[in-house]
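Welcome! Take a moment to look over the sequence and the 3D view, and then we will walk through some of the features together.

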Amino acid sequence: MLKKMKFATKTIHAGQKPDKSTGAIMTPIYQTSTYIQESPGKHNGYEYSRTGNPTRSALERNIAGLESGKYGLCFGSGLAAIDAIIKLLNPGDEVISTNDLYGGSYRIFTKIFAKYNIKFHFVDMSGLNNISKLISSKTKMLWTETPTNPMLNIVDISALSKVAKKHDLIFVVDNTFATPYLQRPIEHGADIVMHSLTKYMGGHSDVVMGAIVCNDDDIAEKLYFIQNSCGAVPGPMDSFLVLRGIKTLHVRMQRHCDNAKEIAEFLNKHPKIQTVYYPGLTTHKNHEIAKLQMKDFGGMMSFSLKGDSLDDAIKIVSNTHFFTLAESLGGVESLCGHPATMTHAAIPIEERLKSGVTDSLIRLSVGIEDVDDLIYDLKSSLD
Ligand SMILES: *Cc1c(COP(=O)(O)O)cnc(C)c1O
């Protein structure tokens with residue numbers, strides 16, 4: 001049944017059934033910590049809400065369906081999901097990760113797990129040689145993100161999965177930026193897909209949550225054990241909100257993509273702009289890979305200014321009206337950010353410049369407002 005549904009049908013129906021006790025179409029918010037047992041151990045499948053909760057289960061089945069995986073697990077945040085994945089490893093193990101990484105992922109790897117003697121290597125994943133050179137008997141996991149933040153680089157998921165298979169590594173893809181509407185890494189050979197549901201999946205900037213999807217029975221069993229043992233689970237109210245958000249994921253994502261494409265083209269022609277980083281532009285260095293593995297090119301982009309003036313960039317992000325200056329991304333409303341002074345302020349300047357995060361770089365999370373208003377907003381603040 002599940003396999004036959006097209007994506008837009010899955011967002012609404014995958015893993016969903018009317019509530020058994022009342023017939024309610026929507027899975028209710030099961031705001032309960034515990035469940036009655038007829039006799040010890042005899043119950044309806046739920047015994048304690050850390051271990052399992054029906055609202056959370058409905059969301060977990062739905063996300064698994066969307067990502068073409070067998071198992072879905074939800075966590076209190078994207079970082080809690082990352083935390084659970086790294087706990088699959090043992091002291092002495094090594095991870096090879098992309099160097100173009102979400103800042104919070106970099107922080108948990110280097111500031112938390114490094115203490116437990118798990119070693120992380122950060123490399124440019126556009127060259128497979130860079131990866132092969134680092135692989136040893138200690139290497140256990142390959143970690144990537146695509147598109148990356150804020151430079152919108154695209155990593156070839158199929159090529160990486162071949163490297164992972166050859167060396168028996170667990171291959172993890174953070175699919176937060178693309179969502180399963182645009183790309184499903186498991187179909188390209190990934191072992192684990194990780195999400196910050198806080199972003200496009202929830203989609204309304206009203207909840208913080210994370211998820212993991214996988215297909216392998218053994219990995220799934222270990223992850224369930226970690227989820228229940230460590231306990232970083234989301235509550236039923238938040239699970240309900242994300243489930244509700246996902247019902248319009250396909251409609252929202254397509255509008256994000258359509259708006260972003262028009263804005264990228266507008267910016268690309270603007271005389272004050274140096275470079276637009278958007279995988280949908282044919283001039284983007286990874287445009288061909290993006291075309292192969294993604295359905296469309298997403299709602300995120302960055303651009304730099306001619307002359308690279310920090311002050312000009314700050315003036316622009318402070319003057320926009322519909323593009324609200326804020327962290328985060330993926331909500332229905334448009335946001336803008338200035339990586340050099342916001343998300344990437346803690347990175348030493350040489351390293352920041354090396355990865356392309358120049359002083360004037362501005363990142364946009366293009367929302368689903370009317371694109372004419374969004375372009376007018378950017379045009380006015382650029383002038
Ligand atoms: C936001 C984000 C995370 C972390 O998720 P939280 O829900 O904020 O904990 C991880 N990866 C990417 C790519 C993100 O954008």
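This is a predicted model: local features need pLDDT of at least 70, side-chain atom pairs count only at pLDDT 80 or more; totals for chains, interfaces and linings use all residues.

## A first question

## Salt bridges

K261 also has a partner: E265 forms a salt bridge with K261, and their closest N and O atoms are 3.8 Å apart. The two residues both sit in helix α10, four residues apart, or about one turn of the helix. In general, an α-helix has 3.6 residues a turn, so residues three or four places apart point the same way.

How many salt bridges does a search of the whole structure find? The search finds ten salt bridges. As a general rule, side chains of opposite charge can pair when their charged atoms come close. One of the ten joins R352 and D359, whose side chains meet at 3.1 Å, N to O. R352 is buried, because its relative accessible area is 8% and buried means under 20%. D359, by contrast, counts as partly exposed at 22% relative accessibility.

Helix α3 covers residues 78–86 and is mostly covered, with eight of its nine residues buried. Which residues of α3 are buried? They are G78, A80, A81, I82, D83, A84, I85 and I86.

D83 forms a salt bridge with K87, with the closest N and O atoms 2.6 Å apart. The relative accessibility of D83 is 19%, so D83 counts as buried. K87 stands at 34% and therefore counts as partly exposed.

## Aromatic pairs

Next, look for the rings. The structure holds six aromatic pairs. One of them is the tilted pair of F7 and Y181, with 5.8 Å from centre to centre and 55° between the planes. This pair links distant parts of the chain: F7 is in helix α1 (residues 7–13) and Y181 in helix α7 (residues 179–182), 174 residues apart. Are F7 and Y181 buried or exposed? Both residues are buried.

Y35 and Y46 form another tilted pair, with a centre-to-centre distance of 5.6 Å and an angle of 35° between the planes. Y35 and Y46 both lie in the loop between α1 and α2 (54–66), eleven residues apart. Y35 has a relative accessibility of 16%, so Y35 counts as buried. Elsewhere, F109, F120 and W143 form one aromatic cluster.

Which residues form a negative surface patch? The patch is made by D258, E262, D370, D372 and D373. Two elements each give two or more residues to the negative patch: α10 (249–269) and α14 (371–382).

Within the patch, D372 has its place in helix α14. With a relative accessibility of 54%, D372 counts as exposed, because the exposed class begins over 50%.

Key
Residues are numbered from 1 along each chain as its sequence is written. Side-chain values use heavy atoms; hydrogens and water are left out. Patches are made of residues with over 30% relative accessible area and no salt bridge: like charges are joined within 9 Å, nonpolar side chains (Val, Leu, Ile, Met, Phe, Trp, Tyr) within 5 Å. Accessible areas come from the Shrake-Rupley method with a 1.4 Å probe; for residues, only the protein chains shown count as cover. A salt bridge is a side-chain nitrogen of Lys or Arg within 4 Å of a carboxyl oxygen of Asp or Glu. Lys and Arg count as positive and Asp and Glu as negative; His and the chain ends are not counted. The place of a charge is taken as NZ of Lys, CZ of Arg, CG of Asp or CD of Glu. Buried means under 20% relative accessible area, exposed over 50%, partly exposed in between (1.4 Å probe, protein chains only). Rings of Phe, Tyr and Trp (its six-membered ring) pair if their centres lie within 6.5 Å; planes under 30 degrees apart count as stacked, over 60 as edge-to-face and the rest as tilted.
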